[in-house]
Every structure is written in structure tokens, then in C-alpha cells.
Amino acid sequence: INPVSMRGRSLAWSLCGAQLITASIGVAIAWIVKGNAAAAAALFGGAVAIVPTIYFAVRVFARGRGAGAADVLGAFYRAEMGKLILTALLFWIGAILFGSHFAVLMLTCIACLAVNWIMLAVTRTA
């Protein structure tokens with residue numbers, strides 16, 4: 001598998017899609033096992049992982065192909081800092097809104113973040 005693209009899509013957008021599928025499965029499981037409130041918490045947990053990932057991808061890939069190394073590296077660090085702040089903010093909001101189902105929120109978020117490692121293993125070159 002080409003590490004830069006998967007079936008014509010960039011790796012970043014493939015990661016977002018895989019996280020969205022993972023979050024959907026988490027929401028379905030939470031809904032079946034614990035009901036609507038837990039499903040909403042699981043949905044928010046998926047958003048805690050997916051929204052910062054999309055933010056990061058947009059910020060880093062907004063640079064044109066002609067951007068210099070310093071510009072790309074600066075964009076990377078700024079995007080990562082924004083991603084961390086956004087993640088912390090979303091967790092704080094999630095704790096307030098879904099305190100009674102915070103474990104479901106966390107498990108769904110962790111499952112979505114685990115997709116990062118799976119994608120890394122799947123797209124690894126020899």
C-alpha cells in the first residue's frame with residue numbers, strides 16, 4: 001500500500017474516515033448496551049478524536065506545495081498545539097455534558113485514537 005495515499009485519497013482523510021467508522025461502531029454498541037444517553041456520550045467521544053484530527057489535517061495541508069521546510073514545520077507545530085488545546089477543551093465540555101457516561105466517551109475516543117496506530121501499521125513501507 002502506498003504510504004502517501006490509499007485508493008486515491010490522502011492518508012490524512014483516510015484516517016478521518018477510519019475514525020468516523022470506529023466512532024459509529026462505538027455509538028451503535030453504546031446505544032445497544034446502555035441506551036440513548038450513552039450513545040450521545042460515545043458520539044461526543046468520537047468527536048473529541050475526529051474534530052482535532054480534521055483541524056490538524058486542514059492546518060498542515062493548507063500550505064501549498066511550494067512552501068519551504070520552515071513554513072511546513074511551523075505549520076505542523078502550530079497545528080499540533082491547536083489540536084492539543086482543542087482536544088482538552090472538548091474533553092472539558094464532555095466531562096460537563098456527559099459526566100455520568102464519561103467512561104463511554106473515553107472508550108470511544110481511545111478506540112478512535114487507536115486507529116492512528118492501526119493506520120500507521122497498515123500503511124508502513126518495508
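**Exercises on helix packing**

**Exercise 1.** Determine how helix 1 and helix 4 pack.

*Solution.* Step 1: the helices pack at an angle of about 145°, with axes 9 Å apart; axes are lines fitted to C-alpha atoms over the stretch in contact, and angles run from 0 to 180 degrees between N-to-C directions. The model is predicted: local features need pLDDT of at least 70 and side-chain atom pairs 80 or more, while totals for chains, interfaces and linings use all residues. Residues are numbered from 1 along each chain, and side-chain values use heavy atoms, without hydrogens and water.

Step 2: helix 1 passes helix 4 in a right-handed crossing.

Step 3: the contact (heavy atoms within 4.5 Å) includes Leu 11, Ala 18 and Gly 26 of helix 1 and Val 104, Cys 112 and Met 119 of helix 4. By class, there are eleven nonpolar, six polar and no charged residues.

**Exercise 2.** Characterise the packing of helix 2 with helix 4.

*Solution.* Step 1: helix 2 (residues 36–61) and helix 4 (residues 102–122) pack at about 40°, their axes 7 Å apart.

Step 2: the crossing of helix 2 with helix 4 is right-handed.

Step 3: among the contact residues are Ala 38, Phe 44 and Gly 45 of helix 2 and Leu 105, Thr 108 and Cys 109 of helix 4. The contact comprises eleven nonpolar, three polar and no charged residues.

Note on methods. Helices (H or I, at least four residues) and strands (E, at least two) are DSSP runs, numbered from the N terminus. A crossing is left-handed if the near helix is turned anticlockwise from the far one by less than a right angle, and right-handed if clockwise. Ala, Val, Leu, Ile, Met, Phe, Trp, Tyr, Cys and Pro count as nonpolar, Asp, Glu, Lys and Arg as charged, and the others, Gly among them, as polar.
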